[in-house]
Amino acid sequence: MRVRLLDATDDPEELICQGARNDYMSEWVAEQDFEEAMDGVEGDDVEEQKANFLAKLLKRGHYGPFEHPSATFAIEGMSRSCMAQLTRHRHASFDVQSMRYVAFDEVDPADVEDGEMVVTPPSATDPDWVGRNQKADDFDEEDVEKREEIFQRSVRQSVEDYQELLELGMPPEDARFVLPIGTEVNVVVTLNPRSLMHIADMRAAADAQWEIRDLTEQLLDLAAEWCPHTFDYYEAEMKHRKNRLAP
Ligand SMILES: Cc1cc2nc3c(=O)[nH]c(=O)nc-3n(C[C@H](O)[C@H](O)[C@H](O)COP(=O)(O)OP(=O)(O)OC[C@H]3O[C@@H](n4cnc5c(N)ncnc54)[C@H](O)[C@@H]3O)c2cc1C
């Protein structure tokens, strides 16, 4: 899976600060220099003032201002299973690649065995991988080889059947029913920092599924470049605590 920042609010942390400073001053924020608006906030320069002020907001649980900026991310090759988890979050906007308009008729089913078009979970090949609710713990190398063989055979067969149904005139919107839940999909998602922190509270947690944890870590890395003071504070002080952003 690959994740890129597609577009985002310029200077998101200035905007968050302006939103919050609006609450505490009699002047109109739209007619104030940013330096003036930050007057009285501790710090040797405006960057330090921003860092201190944002940390104070997060510490106090004043999360509203973190809803003003937004960032749009492009995700390539997530499984439909992972997509179903991500799209449960309601404070985000999504575009999901369609299986009605995009048919996987060019894919070679032999390549599907090697990871094309369907995500291969680590447990299909890694003997040391331990997943949630795993039935057996006394399996050996032979079991794992068998797992890999069955997984590859099954995904290849699904894609072969799907393509045959297309050739027999079945529309893509119906032929897709035979494809596995691990089938890859490209998604565009727009989030604000508050909703991303909330998603991370739930999806970077140890009990979340491995693929959405990987996605969340990639989103957090990109967010830290875009909105550094906020996500540095989140990483250092808030991550892996019980969900606090949606009390
Ligand atoms: C480890 C894990 C396992 C899970 N297992 C399952 C499962 O087996 N089955 C399943 O169906 N789901 C499962 N989920 C999904 C989970 O129940 C949530 O639906 C999902 O994570 C969305 O998060 P959220 O509820 O915080 O809502 P979000 O949409 O992210 O909203 C953020 C916050 O806004 C508030 N909010 C939003 N909408 C409403 C509303 N309508 N009414 C009141 N408050 C609202 C809530 O405070 C909410 O926390 C699982 C999630 C995790 C992390």
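1. Let me start with a helix pair: α9 passes α10 in a left-handed crossing. Please keep in mind throughout that this is a predicted model. Helix α9 covers residues 210–226 and helix α10 covers residues 228–238. Their axes come within 6 Å and cross at roughly 135°, which means that α9 is oblique to α10.

2. Which residues of α9 and α10 make the contact? From α9 they are Leu220, Ala223, Ala224 and Glu225, and from α10 they are Pro228, Phe231, Asp232 and Glu235.

3. Next, the annotated position. UniProt, in an unreviewed entry, places the feature "active site" at Arg203; the annotation may be inferred rather than shown by experiment. In the model, Arg203 lies in helix α8, which spans residues 193–203. Is Arg203 buried or exposed? Arg203 counts as buried because it has 24 C-beta neighbours inside 10 Å, and 20 or more is the cut-off for that class. Setting aside neighbours within four places in sequence, Arg203 is in contact with Ala208, Ile212, Arg213 and Thr216.

4. Two backbone angles deserve a look in your viewer. Most residues other than glycine have a negative phi. Asp11, however, has a positive phi, near 45°. Asp11 lies in the loop between β1 (2–8) and α1 (12–22), and it counts as partly exposed because it has 15 C-beta neighbours inside 10 Å.

5. The other angle belongs to Met117, which is not a glycine either and has a positive phi of about 75°. Met117 lies in the loop between α5 and α6.

6. Finally, Pro122. What does Pro122 touch, not counting residues up to four places away in sequence? Its partners are Trp129 and Trp210. Pro122 lies in the loop between α5 (109–112) and α6 (141–167). Pro122 counts as exposed because it has 11 C-beta neighbours inside 10 Å. If you want a distance to check, Pro122 and Ala74 are 23 Å apart in space, C-alpha to C-alpha, and 48 residues apart in sequence.

Notes:
Residues are numbered from 1 along each chain as its sequence is written. This is a predicted model: local features need pLDDT of at least 70, side-chain atom pairs count only at pLDDT 80 or more; totals for chains, interfaces and linings use all residues. Helices (H or I, at least four residues) and strands (E, at least two) are DSSP runs, numbered from the N terminus. A residue is buried if 20 or more other C-beta atoms lie within 10 Å of its own, exposed if 12 or fewer, and partly exposed in between; C-beta atoms are placed from the backbone. Two residues are in contact if their C-beta atoms, placed from the backbone, lie within 7 Å. Axes are lines fitted to C-alpha atoms, for helices over the stretch in contact, and angles run from 0 to 180 degrees between N-to-C directions. Angles under 35 degrees count as roughly parallel, over 145 as roughly antiparallel, 65 to 115 as roughly perpendicular and the rest as oblique. A crossing is left-handed if the near helix is turned anticlockwise from the far one by less than a right angle, and right-handed if clockwise.
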